[in-house]
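Visitor: I'd like to learn how to read the charged side chains in a model like this one. Could you walk me through it?

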Amino acid sequence: MTQQPESTTTTTAITPTGTGTNTGTNTGTGMRTGEPYPLAEPRPLGEKRIWPVSFADRLTTPLPGLRALARFAREGAVRPGPDGLADIPLLPYDPQPLPRVNARTVAVSWAGHASWVIRIGGLTVLTDPVWSRRILGTPNRITPVGVAWNALPRVDAVVISHNHYDHLDAPTLRRLPRDTPVFVPAGLGGWFLRRRFARVTELDWWEAAELGGVRFDFVPAHHWSKRTLTDTCRSLWGGWVLTDTDGRRVYFAGDTGYGHWFSRIGRRYPGIGLALLPIGAYDPRWWLSDVHCDPEEAVRAFQDLGAHRMAPMHWGTFVLSAEPVLEPLVRVRAAWERAGLAREKLWDLPVGASRVLD
């Protein structure tokens, strides 16, 4: 597939907290090295838009063909064996009360998988909320939800990375008031509108919207979308950069393989304080490398981003692939040490734990 240009939207210069530094060539805008990236002016909340029928042209690599499907049918290992499941009791689980915050606090709490409670700019934001015990096509979760639903403060916004069932969970979303602001990839708004959500904002890559002084930027990922037999790549996929009025940034990668987008995101959004990066669901590698980072690639992605801290996610909750359940944590710690990175900047949190950014 042809790589997408650096920018797919019209951009307008905004405040310093929304401007990055161009340290490389930007073929999409023609800006020279060293010039700032003028980010997109925030779009109106709830804007009605018309999207392409398919986003397949955004794929980094083609989806598996018949030969790959035949190999998968022959080999078929998508779950660890008994030895790989034996460490389930050792998975880190330590639910804690949510930290006290104010409008100047940035804090994160890991509910499990790709579900985070982000407190930023006075808002409480949920990422890919999955509070269900089970999702379609998987066994029950192997660690409980780390943050009780009734312990949540009022949810001010939800961000969705893409429409796969382990990231877009209808039973969890039904628990939210229908006036909760929801930020979703292009083409996914109809799913929410059919469920009577009234404040749905769809964004393309590199576009943004603002809520309560917090900026929500939708950024590319190396992934795909599919929820039914007939909707492959009918909606977009990506991650989110949340920026408060002081310029502090949290990057939620959603679900992604490794590739060129990380360095481009890091150039466009410098000074990311915390990168929430996936490290699990990677084995067999020949099948999953295009769409899921392994632990070593997640550390490389962190370095490409130029972020200050990394919190691993997308592991230790649902059994989605064949690696042993504790292996992602062991490997990410080893990769971090080999890279010579400061140990305190790896926030390898137990499910249910929280951290506050300095």
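Guide: Let's go from the overall picture to the salt bridges and then to a charged patch.

Guide: This is a predicted model, so local features need pLDDT of at least 70 and side-chain atom pairs count only at pLDDT 80 or more, while totals for chains, interfaces and linings use all residues. Residues are numbered from 1 along each chain as its sequence is written, and side-chain values use heavy atoms, with hydrogens and water left out.

Visitor: How many helices and strands does the protein have?

Guide: Helices (H or I, at least four residues) and strands (E, at least two) are DSSP runs, numbered from the N terminus. Here there are eight helices and 15 strands.

Visitor: And what share of the residues is buried?

Guide: Buried means under 20% relative accessible area, exposed over 50%, and partly exposed in between (1.4 Å probe, protein chains only). Of the 358 residues in this protein, 55% are buried.

Visitor: How many salt bridges does a search of the whole structure find?

Guide: Look for a side-chain nitrogen of Lys or Arg within 4 Å of a carboxyl oxygen of Asp or Glu. The search turns up 19. One of them pairs Arg58 with Asp204, at 3.0 Å from N to O. Arg58 sits in the loop between β2 and α1 and Asp204 in the loop between β8 and β9 (208-211), so this pair ties together parts that are 146 residues apart in sequence.

Visitor: Are those two partners buried or exposed?

Guide: Both Arg58 and Asp204 are buried; for Arg58 the relative accessible area is 10%.

Visitor: Which residue forms a salt bridge with Asp358?

Guide: That's Arg309, with the closest N and O atoms 3.6 Å apart. Asp358 lies in the segment after β15 (354-356) and Arg309 in the loop between α7 (295-305) and β14 (310-313), so parts 49 residues apart in sequence are tied together. Asp358 is exposed at 77% relative accessibility, whereas Arg309 is buried at 16%.

Visitor: Which residues are linked in a network of salt bridges?

Guide: Arg285, Asp294, Glu296, Glu297, Glu327, Arg331 and Arg338.

Visitor: Which residues gather in a patch of positive charge?

Guide: For a charged patch, take residues with over 30% relative accessible area and no salt bridge, and join like charges within 9 Å. On this surface, Arg174, Arg178, Arg194, Arg195 and Arg196 gather that way. Arg196 lies in the loop between α4 (189-193) and β8 (200-203), and is exposed at 69% relative accessibility.

Notes
Patches are made of residues with over 30% relative accessible area and no salt bridge: like charges are joined within 9 Å, nonpolar side chains (Val, Leu, Ile, Met, Phe, Trp, Tyr) within 5 Å. Accessible areas come from the Shrake-Rupley method with a 1.4 Å probe; for residues, only the protein chains shown count as cover. Lys and Arg count as positive and Asp and Glu as negative; His and the chain ends are not counted. The place of a charge is taken as NZ of Lys, CZ of Arg, CG of Asp or CD of Glu.
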